[in-house]
Amino acid sequence: MNNLTKIYGEGENRVKALDNVSFSIEKGEIVLIVGSSGSGKSTLLNMIGLLDRPTNGKIFIDGIDTTILDDNNISSFRNKKLGFIFQFSNLLTDLSVLENIMLPRQIAGTNHAAEKDARDLLKAVGLEDQMTKRANKISGGQSQRVAIARGLINKPSIVLADEPTGNLDSVTSETIVQLMKSMAKKLNQTFIIVTHDRQHFGDVDKVITIKDGRAFEGDQPSEMEVIA
Ligand SMILES: Nc1ncnc2c1ncn2[C@@H]1O[C@H](COP(=O)(O)OP(=O)(O)OP(=O)(O)O)[C@@H](O)[C@H]1O
């Protein structure tokens, strides 16, 4: 991220949600984005996820300047490089667990080995025995495991998670956190996670605190060092 600024609205509705933010993340790192409500965390994740464009600044992913891509190229880049996990698993309830996981592969038009890869991921998240169940017949924690598997099916370089434990009880949150950490290490994938649930994550590679749209590295006020 290079001098990223995001301004919403105009005139008296103008909000500077991100203010000249710069930082870098290495491949395979688990990075938490923390900060109080309204500080700019989701805005930042939406920028990194290429779901919205910055007002100013540049975002490089795997060396590519994404801010110069047109809308078509952004969509295909996003499909290939990025995986998403949200607070609510948003599974399609008419489909089976297995079909939900295969869906992003089908959307990307690369069905090759989709079922085998989906089965492997289901095994990795400990849900092999739930494969044929409808997605509305499993628990909240199981749904979030399925969402993690779905976020990984296209082998993204970067997995972006917005409050992945926000809807779960404390014990289930702990399991989901451990699962994400072990998947990140096993697959050498970068995980960027927005969370209000800092304590469940324990040791991670990097914490970025957002305060009033500015980015700081570290999660203790005394450790914080302005990085932008
Ligand atoms: N689409 C939008 N239009 C206008 N203002 C917006 C929009 N999205 C976010 N904002 C404003 O930008 C600022 C940052 O919002 P953002 O959602 O990024 O915060 P957050 O840290 O993710 O908050 P939370 O933890 O509550 O989800 C807030 O002042 C918010 O009201």
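This is a predicted model: local features need pLDDT of at least 70, side-chain atom pairs count only at pLDDT 80 or more; totals for chains, interfaces and linings use all residues.
**Ground rules.** I count residues from 1 along each chain as its sequence is written.

**Whole protein.** I looked up the secondary structure and found seven helices and 12 strands. Both are DSSP runs, numbered from the N terminus: helices are H or I with at least four residues, strands are E with at least two. I read the span of the C-alpha trace along its principal axes as about 50 × 40 × 35 Å.

I then checked burial: 37% of the 228 residues count as buried. Buried takes 20 or more other C-beta atoms within 10 Å of a residue's own, exposed 12 or fewer, partly exposed lies in between, and C-beta atoms are placed from the backbone. Of the contacts with a separation of 6 or more, 68% link residues 24 or more positions apart. A contact here is two C-beta atoms, placed from the backbone, within 7 Å.

**Ligand shell.** Which residues surround the ligand? I listed Tyr 8, Gly 9, Val 15, Ala 17, Gly 35, Ser 37, Gly 38, Ser 39, Gly 40, Lys 41, Ser 42 and Thr 43. A residue is near the molecule if its C-beta atom, placed from the backbone, lies within 6 Å. By class I get three nonpolar, eight polar and one charged. Nonpolar covers Ala, Val, Leu, Ile, Met, Phe, Trp, Tyr, Cys and Pro; charged covers Asp, Glu, Lys and Arg; the others, Gly among them, are polar. Strand β2 (15-21) and helix α1 (41-48) each supply at least two residues. The largest share, three residues, comes from α1.

**Helix α1.** I next looked at which residues of α1 are buried: Lys 41, Thr 43, Leu 44, Leu 45 and Met 47. They pack against β1 (2-8), β2, β3 (30-34), β8 (158-162), β9 (190-194) and β10. Leu 50 follows the helix with a positive phi, near 55°.

**Sheet β2-β1-β4.** I traced an open, antiparallel sheet of three strands in this order. Its edge strands are β2 and β4 (56-58), each pairing on one side only. Neighbouring strands are turned by 20° against each other on average, direction ignored. Helix α1 packs on this sheet, touching β1 and β2, and its direction makes about 60° with that of β2. Axes are lines fitted to C-alpha atoms, for helices over the stretch in contact; angles run from 0 to 180 degrees between N-to-C directions.

I count two bridges between β1 and β4. Pairing needs at least two bridges found by DSSP. Thr 5 has Asn 56 of β4 as its bridge partner.

**Hairpin β10-β11.** Four bridges join β10 (residues 206-211) to the antiparallel β11 (residues 214-217). Ile 208 is bridged to Glu 217. Two residues lie between the strands, and Asp 212 in the turn has a positive phi of about 50°.
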